[in-house]
Amino acid sequence: MKKLVAILMAALMLVGIVACTAKPAEQPAAEQPAAEQPAAEQPAAEQPAAEQPAAEQPAAEEPATEEPAAEEPAAEEPAAEEPVAQGKVFNIYAWNVEFKGFFEKYYTVPEGVTVNWIITPSDNGAYQQKLDEALLNQENAADDEKIDLFLAEADYIGKYVDSDYTMDISKIGFTNADTMYDYTIKAASDVNGVCKGVSFQCCPAAVIYRKSIAKDVLGTDDPAEVQAAIDSWEKFDAVAAQAKEKGYLMTASFAETFRAFSNNCTMPWVDANDNLQFDPQITKWIEQTDNYIKNGYTLTAGVWDPEKTNEMFADGKTMCFFGPAWYYNFCMTNAMDPEKGCVGDWRIVMGPQAYFWGGTWLLAATGSDNTEMLKDIFETFTINEDVCTKLVENEGQYPNNTKVAEKFANDPNWGNTMILDGQNDTAIFAELAKDIKWENHTNYDQILNEGLQNKLQEYFNGSVDYETAMNNFYQLIKETYPNIKLPAA
Amino acid sequence: MEKIQTGTGKKLKSVSYAKWGYIFIAPFFLAYIVFTLVPQLLTIYNSFFETYRIGLQQIGPNFVGLGNYKALFQPDPNGTILILKYALNTLILWIAGAVPQFVIAMLLALFFTSTRLNIKGQSFFKTVIYMPNLIMAAAFSMLFYTLFSRVGPIQALLENWGVIDHTFDFFAIRVSVRGMIALMNFLMWFGNTTIVLMAGIMGIDQSLFESATIDGANSVQVFFKVTMPLLMPIFVYCLITAMIGGIQMFDVPQVLSKGDGVPNGTTRTLVMYLNGYLKTRNLGMSGAISVIMFIITGGLGAIVYKMLSAPYKDQNRKHRERKGNVL
């Protein structure tokens, strides 16, 4: 009897251990219920879309667009068989819920498919770490656990595009790229020009300024006149001095203008021989910021810090902010605060230098078993004019669809009422979008761009001297990418 | 019964129930081998290789011998050896938190166990002082960050009082960031230490305290001559576990300094350094740091144990010797 009890207990313990070891494999499954919740919410989100028959049109249109392809029956056949092979679970990796919101509003998930959102914040590289592990395990994962779609940002998109973990979207039937902005295609293409995904937005960035402060500083708040006053960096600096005299700040973060410089670089951060190089644009940014900090034209806060965004309240003292269309939703919620905000006191102009900032791309993961749906999603958010129109009208986005963008840019009745009191920002962005180029990007950009800002912030806020800050930056590079050759000290 | 079994008596004697003991502890050892020992050995193995990722592209593994260790101890252009700097940070942060932690914990443990004070509502106080330990370190850290940030309430309050001006930044000053980390570690762990030390003190025979008092010892004498020597094993245990925890300090400074060890890397601990290498899955360098930390931990543990338990051991030996003499 005693033995029996002992054996039982030992067996129990062993079971416990086995259960423990099995856990890692089970985890994704265990996560599903949580991840499924949004999917469960979807029917509700779908309804409005279903009410708008227009939103469903793309699905209805598809057979029509595919018909020409029917001329090649050989190519069509496997495609026709595909629906049978489509998976039931669609996994999307993302770092925030921005796209999730659009997806649930404007995309109708095919019946019987569950959408799984695996959202990991990008803080300290957590998103990429999780994504990388999943991608490296993609081959061995069960079909329903394979990543189908994942999101990537401009700073590190190259890392995924230049790998075999993303697939050629023309192979899944997405070929209609005419209306997309060229740079969004280039960004999502590998070295051989094979496109691996699309972006649902185009991110030309401009200067968003406070009307009332501009009036006080420049004596005018008219966008055309303000633009004339700040259309070069020299003029911009001069206005900064004027603003200071009146007790205002020109910008609210030392890194506010960083992207305007860094996305106009004429050479990549790292050359073909792995040498680190400082583009004149980067040096120019450092000089400008140094000058701004010393003269009190800006703050030592980072671009995402509350100290900066608090400047967007009505009692803020800052004149200019730099950002693209997504900036409204991401950074300007304080400006839209019903009590302390100042909606309508904002105008947008092109500013001293055309540039772009950020952007989210949707990349097709190799091994996806939901290729039909992938193609569908890509089309919905790029060539579906109806959805793109809604993205502009309801979400304040700038679409990755030249036709829709032009339509709004040329519409005298169109204006952004969300924050700009009816000014047509699409017209400004459309003008800027023409000048966006995707070049001189490397896979190291994220660490280098963010690292430089973080380490220099310590110099700007006075905790270290310039040499130490730069040395800290070099040590960070050494630690992260030992292959990069640093300039001789 | 016994007589009947005499034939098999010898056999019976060799049936050892010890094997059941082994079977019972086997699951732990299996788990230990699979989840701790093997990874540990792999870490040591990996520390001799160059292996990291650029994006999704794997570099190596290439055998580099002690190259990773050499790289760790190479001074940067300013002449600082980073690993030593971070080790010193870790030590300072730990000591700054651990000294008050042990002093306060010891005092509280004495108060709570003192029959003379006989504090009422002990379980309430014990729960309260243990509370901070139940909060996730990262959450606690986030709370401090929010409180002391540039737009936080403390900054606003001090500005209102005119103590500091607008440009003041708690996170740009070495002492204040280190102080916050030490304070948090102290707050989180003193309750835990108090309870363990109390258990230790309560395990001491009350008659010893009584007889010491009767012999005319004052409370300071009682503490140093009776409580402390008898508490030593528990105290050493507490100290060693606290020290191991201190060397592995990570979450509090990581969250508080946004992973950067501001200002100027003065709050960056060894594990944060290690974690920095893991961004690119640099198993070679992070493995080498792990091995060094393993050696430091082991060494410090041995020293503390030797130092603190030596007098206690001596006493034990003398005690035994005296007993032997008497017998």
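This is a predicted model: local features need pLDDT of at least 70, side-chain atom pairs count only at pLDDT 80 or more; totals for chains, interfaces and linings use all residues.
Which residue caps the N-terminal end of H18(A)?

**View 1. Helix H18 of chain A and its cap.** A:Asn424 caps the N-terminal end of H18(A). One of its side-chain oxygens lies 3.1 Å from the backbone nitrogen of A:Thr426. The helix spans residues 425–433 and is mostly covered, with seven of its nine residues buried. Those buried residues are A:Asp425, A:Thr426, A:Ile428, A:Phe429, A:Ala430, A:Leu432 and A:Ala433. They pack against both strands and helices of chain A. The strands are E5 (204–210), E6 (320–323) and E7 (346–349). The helices are H14 (326–331), H16 (385–395) and H17 (402–409).

**View 2. The salt bridge of A:Lys434 and A:Glu431.** A:Lys434 forms a salt bridge with A:Glu431. The closest N and O atoms of the pair are 3.5 Å apart. A:Lys434 has a relative accessible area of 57%, so it is exposed. A:Glu431 counts as partly exposed because its relative accessibility is 38%. Elsewhere, salt bridges that share partners join A:Glu133, B:Arg53 and B:Arg281 into one network.

View 3. A:Lys294 and A:Asp290 form a salt bridge, with 3.2 Å between the closest N and O atoms. The two residues are four apart in helix H12 of chain A, so about one helical turn separates them. A:Lys294 is exposed because its relative accessible area is 61%. A:Asp290 has a relative accessible area of 18%, so it is buried; the cut-off for buried is under 20%.

**View 4. A:Leu299 in its loop.** A:Leu299 is found in the loop between helix H12 (280–295) and H13 of chain A. Its relative accessibility is 12%, so it counts as buried. Neighbours within four places in sequence are left aside in the contacts that follow. A:Leu299 is in contact with A:Leu249, A:Thr251, A:Ala252, A:Ser253 and A:Phe254, among others. A:Ile293, A:Glu307 and A:Glu311 are also in contact with A:Leu299. A:Gln453 is 154 residues from A:Leu299 in sequence, and 13 Å from it in space, C-alpha to C-alpha.

View 5. The side chains of A:Asp132 and A:Lys159 meet in a salt bridge, 2.8 Å from N to O. The pair links distant parts of the chain: A:Asp132 sits in helix H5 and A:Lys159 in helix H6, 27 residues apart. Both A:Asp132 and A:Lys159 are buried. Over all chains, the count comes to 20 salt bridges.

**View 6. The interface of chain A and chain B.** Here 42 residues of chain A are in contact with 38 residues of chain B. The two chains bury about 3400 Å² between them, and 60% of that is on carbon and sulfur atoms. Six salt bridges are counted between chain A and chain B. A:Glu479 forms a salt bridge with B:Arg268, the closest N and O atoms being 2.8 Å apart. H1(A) gives the largest share, nine residues. By class, the side of chain A that touches chain B has 18 nonpolar, 15 polar and nine charged residues.

**View 7. The two domains of chain B.** The domain assignment of chain B gives domain 1 (2–46) and domain 2 (74–326). Their C-alpha centres lie 37 Å apart. Four residues from domain 1 and six residues from domain 2 take part in the contact. The domains bury about 340 Å² between them, 74% of it on carbon and sulfur atoms. In domain 1, B:Thr43, B:Ile44 and B:Asn46 lose the most area to domain 2, together 86% of what that side buries. The count between these domains is zero salt bridges. The side of domain 1 that touches domain 2 has one nonpolar, three polar and no charged residues.

Technical notes: Residues are numbered from 1 along each chain as its sequence is written. Chains are lettered from A and ligands numbered from 1 in the order in which they are written. Side-chain values use heavy atoms; hydrogens and water are left out. Contact means heavy atoms within 4.5 Å. Buried area is the accessible area (1.4 Å probe) that two parts lose on being put together, summed over both. A salt bridge is a side-chain nitrogen of Lys or Arg within 4 Å of a carboxyl oxygen of Asp or Glu. Ala, Val, Leu, Ile, Met, Phe, Trp, Tyr, Cys and Pro count as nonpolar, Asp, Glu, Lys and Arg as charged, and the others, Gly among them, as polar. Domain bounds come from an automatic or database domain assignment. Buried means under 20% relative accessible area, exposed over 50%, partly exposed in between (1.4 Å probe, protein chains only). A polar contact is a pair of N or O atoms within 3.5 Å; within protein, one must be able to donate a hydrogen and the other to accept it, and residues adjacent in sequence count only if both atoms are side-chain atoms.
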